[in-house]
Amino acid sequence: MCPSVPLPSPCPPGILFPYSSPQLWGRAALQPPVLLPTQRRTFSNNKILVELDTSSGVATMKFKSPPVNSLSLDFLTEFCISLEKLENDRACRALIITSAIPRIFSSGLDIMEMFGKSTEHYAEFWRAVQEMWLRLYGSSMVTVAAINGSSPAGGCLIALSCDYRIMVENPKYVIGLNEAQLGIVAPFWFKDTFVNTVGHRVAERSLQLGLLHPVTEAHQIGLVDEVVPEEKLQEKAAAVVAQWLALPDHARQLTKSMMRKAVLDHMLAHREEDIQNFVKFISKDSIQKSLSMYMEMLKKKKS
Ligand SMILES: CC/C=C\C/C=C\C/C=C\CCC/C=C/C(=O)SCCNC(=O)CCNC(=O)[C@H](O)C(C)(C)COP(=O)(O)OP(=O)(O)OC[C@H]1O[C@@H](n2cnc3c(N)ncnc32)[C@H](O)[C@@H]1OP(=O)(O)O
């Protein structure tokens, strides 16, 4: 899939899998049997907590960066490191992404990283945003977004990059690519990821209007796959993961790769150009002014 994340090959292409037991289909099954002292492995840095249950092969990643899990350069770096660790861990076959912050899944890209900084900083930040998407959209793991709060823009991109989205039923929560509302533009690979999920017409309207969809509407347009009460979210995510893991990894991974390859390849082919475009765009006085007004509006809304 994505060249920066080599696709683990649990079985050489063309070799038939042992279909006798789903237990044998995963990457974990290819390890020599070892006695593990514990079934849970936890690693945590400042902004993200990761727990891997080695018996099921399912990791849970919890965003814990108050106040709103905004995607700063530090956050994105931790996110990419965590994804790389899990991707390279043969005991891990699936990932559930959720938030430890009440009411917010992620508020999207940290606006302060795009405001009043140097062109070098913008370039470094944008490369980190690209890297996060390449790793998540190109992941060979089963990925499920357990969306327990609002998820605008970059937060929505994280959810869209997963294989399946489950959102908590709450009339206050919204999700969508609202960039246009900030006076900025969702880049082509945000757009492609969105189109691949909801279809062209829905994406065109939603992107032009910068819509943040309430949960029921997000479900109706296919932006989220399922809606559940808060207390059922983890149970539902675990059940979905189990369903996806019941298939042979290599078949699911190759299918995923086939579905996503064109979009990933397109972005990789234009990666440097995309960084230059971002830097040029975000450095414009008019765009800086729009971002400043948007931040002001957020502050006013509070008071
Ligand atoms: C042709 C085109 C050519 C080229 C194009 C090339 C490139 C494209 C260019 C740009 C692409 C950029 C893509 C951008 C993607 C993004 O993700 S932008 C971010 C979008 N996010 C939002 O709009 C969310 C804004 N936030 C909110 O709506 C709310 O804060 C919330 C619903 C998330 C939470 O609400 P509350 O619980 O009420 O909390 P507060 O609003 O009080 O917020 C607390 C605190 O946090 C600050 N904050 C909120 N969001 C962000 C953020 N995204 N970044 C930084 N900071 C944020 C908020 O200001 C408050 O701060 P304080 O007042 O407490 O200091």
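Two residues are in contact if their C-beta atoms, placed from the backbone, lie within 7 Å. By that criterion, among contacts in the protein between residues at least 6 apart in sequence, 75% join residues at least 24 apart. The structure is a predicted model, and the protein comprises 10 helices and 11 strands. Of its 303 residues, 43% count as buried.

**Confidence**

- The protein has a mean pLDDT of 90, with 87% of its residues at 70 or more.
- Confidence is lowest in strand 1 (residues 40–44), where the mean is 88, and highest in strand 6 (residues 142–147), where it is 99.
- Residues 1–26 stay under 50 in pLDDT, and the model has 42 contacts for them beyond four places in sequence.
- A further stretch, residues 28–32, has pLDDT below 50 and shows nine contacts in the model beyond near neighbours in sequence.
- Where pLDDT is low, predicted coordinates should not be read in detail.
- For the complex, the predictor gives an ipTM of 0.98 and a pTM of 0.91.

- Four strands form an open sheet in the order 5-7-9-10, and their pairing is mixed.
- Strand 5 (103–104) and strand 10 (213–214) stand at the edges; each has a single partner strand, so one side of each is left without a neighbour in the sheet.
- Strand 9 (residues 174–176) pairs with strand 10 in the antiparallel sense, over two bridges.
- Ile175 has His213 of strand 10 as its bridge partner.
- Helix 3 (residues 154–161) lies across strand 7 (149–152) and strand 9, and runs at about 95° to strand 7.

**The nonpolar core**

- In soluble globular proteins, nonpolar side chains tend to be buried together.
- The largest nonpolar core here contains 74 residues.
- Helix 2 (residues 119–137) gives the most to this core, contributing 10 residues.
- The residues with the most contacts inside the core are Val144, Ala146, Ile147, Ile166, Met167, Ile175 and Val241.

**Ile175 in sheet and core**

- Ile175 is bridged to His213 in strand 10 and is also among the residues with the most contacts inside the largest core.
- Leaving aside residues up to four places away in sequence, Ile175 touches Ile147, Ser150, Ser151, Cys156, Ala159, Met167, Leu212, His213, Ala218, Leu223 and Val224.
- Two of these contacts, Ile147 and Met167, are likewise listed among the residues with the most contacts in the core.

Terms used. Residues numbered from 1 in each chain as written. Predicted model: local features only at pLDDT ≥ 70, side-chain atom pairs only at ≥ 80, totals over all residues. Pairing = 2+ DSSP bridges. Axes fitted to C-alpha atoms, helices over the stretch in contact; angles between N-to-C directions. pLDDT = per-residue confidence, 0-100. Core = buried A, V, L, I, M, F, W, Y, C linked by C-beta atoms within 7 Å. Buried ≥ 20, exposed ≤ 12 C-beta atoms within 10 Å, placed from the backbone.
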